[in-house]
Amino acid sequence: MSEQSPLRLGTRRSKLAMAQSGQVADAVRQVTGRPVELVEITTYGDTSREHLAQIGGTGVFVTALRDALLRGEVDFAVHSLKDLPTAQPEELVLAAVPVREDPRDVIVARDALKFTDLPRGARVGTGSPRRMAQLNAYARGHGLDIETVPIRGNIDTRVGYVRSGELDAVVLAAAGLNRIGRIDEVTDFLSVDTVLPAPGQGALAIECAADNADLIAALAELDDPFTRAAVTAERSLLAALEAGCSAPVGALADLLADGQVVKEMRLRGVVGTPDGRTLVQLSTTGPVPETHDQAMALGRELAAEMLTKGAAGLMGERAH
């Protein structure tokens, strides 16, 4: 390959995937000095009309991109980290986890309503049992009366349900709306104290073949060590909980700073039944992990504690 042959970036075709892959492509051009071309790949998750929980949840958007990487059709791929299965294939490596976007969930509601101002019986659309569990639990604890309605589709489709009056509100990820320039449509940002995001939410993963040492070294310049430590802890928690319970998992690791000095990392986790009647929520705080193994241990330890506190008995909508 000549120095200037373009790097091929594999991406899903959705508007959001194209936006975030375009941003990564620009960054990779800057650090490598090489042209980058986007290669659009259709995944099963994009073409299937079934609910995500039924077609296997994680992995449906990732498999086709990984297959293209393994076949050498693309040089690297960009994923939403929350879509990645927790097991990492040996032939592929997460070369970079760039600085994370806003990890929060948000509401787009009619009449610019906040979540707590929704009328009695308000219909709130989300395809995520994790969001359902926490929204229903919050509503029950605060005297709100909402009905969560399962939906799927891209951002346009989901917001369309509100614009057409079919639903009173829908829940989306702040990061996605930010990346496509539509954050001004949000009517309420959900505090992470109300709804913990999906593990890895708001972060991207840049993946390439494990034997491509030059590209791994170049992409490493886009890596943010704090984001990587946080999402590693979150995904370690997810992996350990998935092994022991089938309820949906929310998790967030954040850095606790004293002025400008980062002192510690806090990891919070939640599992619950989609009706929100049972929720197991715990947190732990420790030194900022300096290695992959330390970040993994933080997640595993919190998961073990959650399982002993009742998470093991929870059955969610089985996402398999």
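Trainee: At about what angle does helix 10 run to strand 12?

Mentor: The model is predicted, so local features need pLDDT of at least 70 and side-chain atom pairs count only at pLDDT 80 or more, while totals for chains, interfaces and linings use all residues. Residues are numbered from 1 along each chain as its sequence is written, and side-chain values use heavy atoms, with hydrogens and water left out. Helices (H or I, at least four residues) and strands (E, at least two) are DSSP runs, numbered from the N terminus, and axes are lines fitted to C-alpha atoms, for helices over the stretch in contact (heavy atoms within 4.5 Å), with angles from 0 to 180 degrees between N-to-C directions. Helix 10 lies across strand 12 and strand 13, and its angle to strand 12 is about 40 degrees.

Trainee: Which strands stand at the edges of the open sheet?

Mentor: The three strands have the order 11-12-13 with antiparallel pairing, where a pair needs at least two DSSP bridges. One side of each edge strand is left without a neighbour in the sheet, because each has a single partner strand, and these are strand 11 and strand 13.

Trainee: How many bridges join strand 11 to strand 12?

Mentor: Ala257 stands opposite Val262 in strand 12. Strand 11 and strand 12 run antiparallel, and the number of bridges joining them is ten.

Trainee: Is Glu234 buried or exposed?

Mentor: Glu234 has its place in helix 9, and its contacts beyond four places in sequence include Arg100, Pro199 and Leu267. Buried means under 20% relative accessible area and exposed over 50%, partly exposed in between (1.4 Å probe, protein chains only). Because its relative accessibility is 0%, Glu234 counts as buried.
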